[in-house]
Amino acid sequence: MTENAPIEAPKPKGIPADVPFLRTVKSYVLRAGRTTIGQAKAYELYGPANLLPYAPLSLGASAAFGRKAPLILEIGFGMGEATAHIARVRPDDNFLCCEVHEAGVGALLKRIGEQDLHNIRILRHDAVEVIDHMLRPGVLDGVHIFFPDPWHKTKHYKRRLIQPELVNKLAQRLKPGGYLHCATDWQPYAQQMMEVISAEPLLANTSDAMGGYATKPDYRPLTKFENRGLKLGHGVWDLVFRRV
């Protein structure tokens, strides 16, 4: 498949071919938030070079980044603290980052400018639609999903991002040897993540530790939020799987 060619996302089983499919259950809720003056200014200064428009066309990564390099997808970067750190310590990788919240995008753009980062591109769009319509099979070298919303209530578990269908989509878009790295500070979600990802036949756990959880890779920093939780005795669980 060539770059910039349309990608047809498969419909879930049971939906007739002639019926349009609209995904109604999302893993996030768009909340009204206030963008700071600094974030708004960052949109003006750094948005044109670092924001990518969503389009249902195969992503031309080399053109988007101005170079050919390993491509890492990040889903939901919050305020971008960890994202900017990882991009800085891994300058030879390209980071395609999806976030739907305006303030978070503005915050990461501000960090890009302050730290003079050139290996981040941002899509302010639903990551699942980006995966379905912009990413070809075998295009990714890695995927980062750090601290997704755990949706604590049982009735909301269907909203959790890590579900079998998504994990399979990500596995298909990883190159052989590419990795999926997830992290959470909510143990029940960590257990569900381990169950769901372990059941994907295209992925193999890189950890042989009891429970299957990985030692935190050096590139993932401890955020202020995570540090505060650790001091309060909260746990953090990393899962690192590779595409077979």
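Predicted model: local features only at pLDDT ≥ 70, side-chain atom pairs only at ≥ 80, totals over all residues.
Colleague: Where in helix 1 does the kink lie?
Modeller: Helix 1 holds the proline Pro 48. A bend of about 45° comes shortly before that proline. The kink lies at Glu 44.

Colleague: How far apart are the end C-alpha atoms of helix 1?
Modeller: Helix 1 runs over residues 37-50, which is 14 residues.

Colleague: At roughly what angle do the axes of helix 3 and helix 4 cross?
Modeller: Take residues 81-89 for helix 3 and residues 102-115 for helix 4. Their axes come within 9 Å. The crossing is right-handed. Its angle is roughly 35°.

Colleague: How many residues of the contact of helix 3 with helix 4 are charged?
Modeller: Helix 3 brings Glu 81, Thr 83, Ala 84 and Arg 88, and helix 4 brings Leu 108, Arg 111 and Gln 115. Two of these residues are nonpolar and two are polar. The charged ones number three.

Colleague: Among contacts between residues at least 6 apart in sequence, what share joins residues at least 24 apart?
Modeller: The chain has eight helices and seven strands. Of its 244 residues, 45% are buried. Among the contacts you ask about, the share is 80%.

Note on methods. Residues numbered from 1 in each chain as written. Heavy atoms only, no water. Axes fitted to C-alpha atoms, helices over the stretch in contact; angles between N-to-C directions. Helix = DSSP H or I, 4+ residues; strand = E, 2+ residues; numbered from the N terminus. Left-handed = near helix turned anticlockwise from the far one by under 90°. Contact = heavy atoms within 4.5 Å. Nonpolar A, V, L, I, M, F, W, Y, C, P; charged D, E, K, R; others polar. Expected span 1.5 Å × (residues − 1). Bend = angle between axes of the 7 residues up to and from the residue. Buried < 20%, exposed > 50% of the residue type's maximum accessible area, 1.4 Å probe, protein only.
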